[in-house]
Amino acid sequence: MSENNEPLLEEPPVAGNEIDTLVGSLERQRRTLAWKCAGLEAAGLRTTAAASKISLGGLLKHLALVEDDVLSQKLLGREPAPPWDTVDWDADPDWEWSSAAGDTPQQLMTLWQDAAARSRANVRQALAEGGVGHLAAFTNSGGQSPSLRRLLIDLIEEYARHVGHADLIREAIDGLVGEDPPR
């Protein structure tokens, strides 16, 4: 259930409307990431594959940052939420990745879940104010403000890339494979 007691879509409907398709697709990516990160101790969340520095813990922290950046800061013009508001990004532009190794599994999962919950509430607000065409507070270098539709597509793409990374890392840790979490 969502924060407003509405059931969360687990995937896009087979023949649904635009917003249910977009939100359902994003929720499927979130659900898959949660599954790939579930049940691991700190060492598992710090594990990397091959020469990459990407870890599951780093993915959770990075995607929490992306959720807040896209659907809080860009969409609604909000100030960065903790912990992003105190980070010296000039000193460490990859802070979310590098600092994740020092966080507990519970801290990482809570940070990501809280960011996703804020995002859900922000999407509901934007939909109430203007539907999927609601323009973001953010203006790009060309002077254009993206729509909620565009921001959701961008976030789905970001998740899809990183869920692929999570697949490879989790398989290397304990052999867990599959595209969808068990129901």
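1. A charge sits over a ring if NZ of Lys or CZ of Arg is within 6 Å of the ring centre and within 35 degrees of the ring normal. Lys 74 meets this rule: it lies over the face of Phe 138, at 5.1 Å from the ring centre. Lys 61 lies over a ring face too, that of Trp 95, at 4.2 Å from the ring centre. Note at the outset that this is a predicted model.

2. Trp 95 also takes part in aromatic pairing. The count of aromatic pairs comes to 2. One joins Trp 84 and Trp 95, edge-to-face, with 6.1 Å centre to centre and 85 degrees between the planes. Trp 84 is in the loop between helix H3 (56–76) and helix H4 (95–99), and Trp 95 is in helix H4, so this pair ties together parts 11 residues apart in sequence.

3. The other pair is Trp 89 with Trp 95. This pair is again edge-to-face, at 6.1 Å centre to centre, with 85 degrees between the planes. Trp 84, Trp 89 and Trp 95 form one aromatic cluster.

4. Trp 95 is partly exposed, with a relative accessible area of 22%. Trp 89 is partly exposed as well, at 27%. The cut-off for buried is under 20%, so Trp 95 and Trp 89 do not count as buried.

5. Now the helix packing. Helix H1 (residues 18–37) packs with helix H5 (residues 105–130) at an angle of about 175 degrees. Their axes are 12 Å apart. An angle over 145 degrees counts as roughly antiparallel, and H1 and H5 are therefore roughly antiparallel to each other.

6. Which residues make the contact of H1 with H5? From H1 come Ile 19, Val 23, Glu 27, Arg 30, Leu 33, Ala 34 and Cys 37. From H5 come Met 109, Trp 112, Ala 116, Ser 119, Arg 120, Val 123 and Leu 127. By type, the residues of this contact divide into 10 nonpolar, 1 polar and 3 charged.

7. Ala 116 lies in helix H5. Its relative accessible area is 3%, which means that Ala 116 is buried. Leaving aside neighbours within four places in sequence, Ala 116 is in contact with Arg 30 and Glu 67. Ala 116 and Ala 64 are 52 residues apart in sequence, yet 7.1 Å apart in space, C-alpha to C-alpha.

8. His 134 sits in the loop between H5 and helix H6 (148–174). Is His 134 buried or exposed? His 134 is buried, with a relative accessible area of 15%. Not counting residues up to four places away in sequence, His 134 touches Leu 75, Leu 76, Ala 126, Glu 129, Pro 146, Ser 147 and Leu 148.

9. Most residues other than glycine have a negative phi, and most peptide bonds are trans. The peptide bond from Pro 82 to Pro 83 is cis, with omega near 5 degrees. Pro 83 is found in the loop between H3 and H4.

10. The other detail is at Ala 50. Ala 50 is not a glycine, yet has a positive phi of about 55 degrees. Ala 50 is in the loop between helix H2 (42–46) and H3. At 83% relative accessibility, Ala 50 counts as exposed.

Notes:
Residues numbered from 1 in each chain as written. Predicted model: local features only at pLDDT ≥ 70, side-chain atom pairs only at ≥ 80, totals over all residues. Heavy atoms only, no water. Phe/Tyr/Trp six-rings, centres within 6.5 Å; stacked < 30°, edge-to-face > 60°. Helix = DSSP H or I, 4+ residues; strand = E, 2+ residues; numbered from the N terminus. Buried < 20%, exposed > 50% of the residue type's maximum accessible area, 1.4 Å probe, protein only. Axes fitted to C-alpha atoms, helices over the stretch in contact; angles between N-to-C directions. Parallel < 35°, antiparallel > 145°, perpendicular 65-115°, else oblique. Contact = heavy atoms within 4.5 Å. Nonpolar A, V, L, I, M, F, W, Y, C, P; charged D, E, K, R; others polar.
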